[in-house]
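Please read them with the coordinates open.

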Amino acid sequence: MSTAAPDPSGHPSAAPDSPPGAAAVPDGEGSVPGGEGSLPDGKQPSERRLHPVTPLRRAWAPVAVLAGWAVHDPGQAQERLTGLTTTALLLGLAVIVPGAALYGFLSWWFTHFAVTDTELRIRTGLLFRRTAHIRLERLQAVDVTQPLLARVAGVAKLKLDVVGTDEKDELAYLGEGEARRLRAELLARAAGFAPESAGEVGEAPVRRLLHVPPGVLAASLLLTGATWASLVAALVVPTLLWFATHSVWTVLATGLPLLGAAGASSVGRFVGEYDWTVGESPDGLRIDHGLLDRAHETVPPGRVQTVRIVEPLLWRGRWVRVELDVAGSSNSVLVPVAPREVAHAVIAAVLPGVAVPEALDRPPRRAGWCVPFWWRGYGLAVTGTVFATRRGLLRRRLFLVPHAKAQSVRLTQGPWERRKGLADVHVDAGAGRTVTARLRDATEAADLLRAQADRSRTGRREAPPDRWMA
Amino acid sequence: METGSARTGESAPGEPVWTGLPPGLLRMRRLLLVVWLGILTIASGVLLALFAGPGWAAFALLPLALAAWGWRMLGRNWRSWRYAERADDLLISRGVLWREETVVPYGRMQLVEVTSGPLERHFGLASVQLHTAAAATDACIPGLDPAEAERLRDRLTELGEARSAGL
């Protein structure tokens, strides 16, 4: 027995058990309810296809499998290759290439998408049909990404982040210009512009808030402990193993993954966070970044659930890193590196009316009995708009959750904490994030629990509407 | 002892009116405890007496002691569970050693579930589980009377619709 949802908008949800927002409806189970999604005169919205290069997107997969096999087992691969006659090779090609081409063509042919007044509908699948109806008012973010090869081909992926969407619900690939137009149209519809004009609103103007120069990014990565730790591990571990075993394969098998990890944490991050630009537009926050793969993310106003300010030990006093959580979105970095004042200005733009609290309350001194030494790293500040907690002594992290985003509040108290008259307060936000104020005085925590529940309710009333332009 | 099921009388305005759990859940848990540990006691007693000598059979008292301890613990845990419906949110409080108190504003509830397994159904029990957009919210009230569970579900859904807020 289950009762569906106090659904925020009062619409019937297609699948009560799935998280709200994205509803995947298998075709053939009766007709898909048209509802308010179809055009007023009842005719179906015009369906579109993806860019014709799409079938090639998986073309590298069989090649990669073959290459992987050859690398994994070189001796056998060579044996097999010499064993193949020319006719067998040609025959194989004659079967595989048209087969793959046909599959690619058919899956492209059977993938359609359409934009209605309230939804983006994606219809796909050759044998197993799948229809995703993504509700625009639940839109959390729009990403346009271009992997390197896609940039060469002039195409882009478009993904709508809604709670519950998965990898299958992205539109890959669209023409570059079309992806931009579609993003503007989707944002305009989600914002609540009149349906007739939504197609013509066009791109909203962007005001640049922050740009990270490559030099600063490189310097900040050099000052990150994790970069050096992985590099040292990648050099030391294989060397030790060589002296211990004198086996080339063991050294390679451990050294290569370690080197890969070191590369990903330094060069990989540099490449991914290169040319990081944060902008503000009426559509919300724009984040553009990437050296080889470009990504353009748009987060509409009021979608940010929590924000974290991270301050590694070696950056202390110079820079901070800002991370954010948006429900349904995979990107979590807002500012890879910036001076503190600049970062605070960006946060003020992301969470309107929020000032980052400077002075935080430490737990009472007796908290040292529960968490020796490290208790000094904990802190709490509650302002009119946010619940902010800090943790960490060396690597300081400040967590901010706006009162309007708190989903539930919990107070927990273990036996030792009770002995000392202490308690923890947890504020659960969307996007699976919990912000915890640790080791507060028990009576203070109890008051905080009640007050936070009230603030969460009233904070919500003052929050902007889902359709931010309506 | 078993006062948990009675509604605590009207207290000062602003103070929540707490409701405990009906005794059915405690009865079920204690019965299960006695049955399983009883079987364990008899089995270990018989086996030890047969294979290691009658003296060793005294070790069969261990599960018995465990049962006695568990009996009390179950009682304490059951008494610690209580919930209160306030004007705008639901309070759930539980735990003896590790206490936890949860506040869920009605407007944030995405889904209210009433579940009842075969064993619970036999004892006439049902649980109410609340889901919000935050995965960490684990607000569950176990061992309710099915009628009360359904009343609670309907009321929570109704209040949730009136105060709906979403993400």
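1. Strand 11 (residues 277–281) and strand 12 (residues 284–289) of chain A run antiparallel and are joined by five bridges. Helices (H or I, at least four residues) and strands (E, at least two) are DSSP runs numbered from the N terminus, and two strands pair if DSSP finds at least two bridges between them. A hairpin of two residues connects strand 11 of chain A to strand 12 of chain A, and A:Ser281 stands opposite A:Gly284.

2. The model is predicted: local features need pLDDT of at least 70, side-chain atom pairs count only at pLDDT 80 or more, and totals for chains, interfaces and linings use all residues. Residues are numbered from 1 along each chain as its sequence is written, while chains are lettered from A and ligands numbered from 1 in the order in which they are written.

3. Strand 12 of chain A also pairs with strand 13 (residues 294–299) of chain A, antiparallel and over five bridges. Here A:His289 has A:Ala295 as its bridge partner. Four residues lie between these two strands in their hairpin, where A:Gly290 takes a positive phi near 120°.

4. Further along chain A there is an open sheet of six strands, in the order 16-15-14-19-18-17, with antiparallel pairing. Strand 16 (333–338) and strand 17 (379–382) of chain A each have a single partner strand, so one side of each is left without a neighbour in the sheet. From one strand to the next the twist averages 15° (axes are lines fitted to C-alpha atoms, for helices over the stretch in contact, and angles run from 0 to 180 degrees between N-to-C directions). Strand 17 of chain A is joined to strand 18 (residues 386–391) of chain A by four bridges, and A:Leu380 has A:Thr389 as its bridge partner there.

5. Which strands make up the open sheet of seven strands? Its order is 22(A)-21(A)-20(A)-4(B)-3(B)-2(B)-1(B), with antiparallel pairing. Strand 22 (433–441) of chain A and strand 1 (19–20) of chain B stand at the edges; each has a single partner strand, so one side of each lacks a neighbour in the sheet.

6. A:Leu411 has B:Glu101 as its bridge partner in strand 4 of chain B. Helix 12 (residues 442–462) of chain A lies across strands of both chains, among them strand 20 (406–413) of chain A, to which it runs at about 170°.

7. The contact between the chains takes 29 residues from chain A and 34 residues from chain B (two residues are in contact if their C-beta atoms, placed from the backbone, lie within 7 Å). On the side of chain B that touches chain A, two or more residues come from each of strand 4, strand 5 (109–115) and helix 4 (146–162) of chain B. Strand 4 of chain B gives the largest share, seven residues.

8. Chain B is divided into domain 1 (26–76) and domain 2 (82–162), with bounds from an automatic or database domain assignment. The centres of these two domains, taken over C-alpha atoms, are separated by 34 Å. An unreviewed UniProt entry places "transmembrane region" at residues 31–50 and 56–74 of chain B; UniProt positions are in the numbering used here, feature names are shortened, and annotations may be inferred rather than shown by experiment. Residues 31–50 of chain B are 100% helix and 0% strand, with end C-alpha atoms 28 Å apart. Residues 56–74 of chain B are 74% helix and 0% strand, with end C-alpha atoms 29 Å apart.

9. Leaving out residues up to four places away in sequence, its contacts include A:Thr118, A:Leu186 and A:Arg189.
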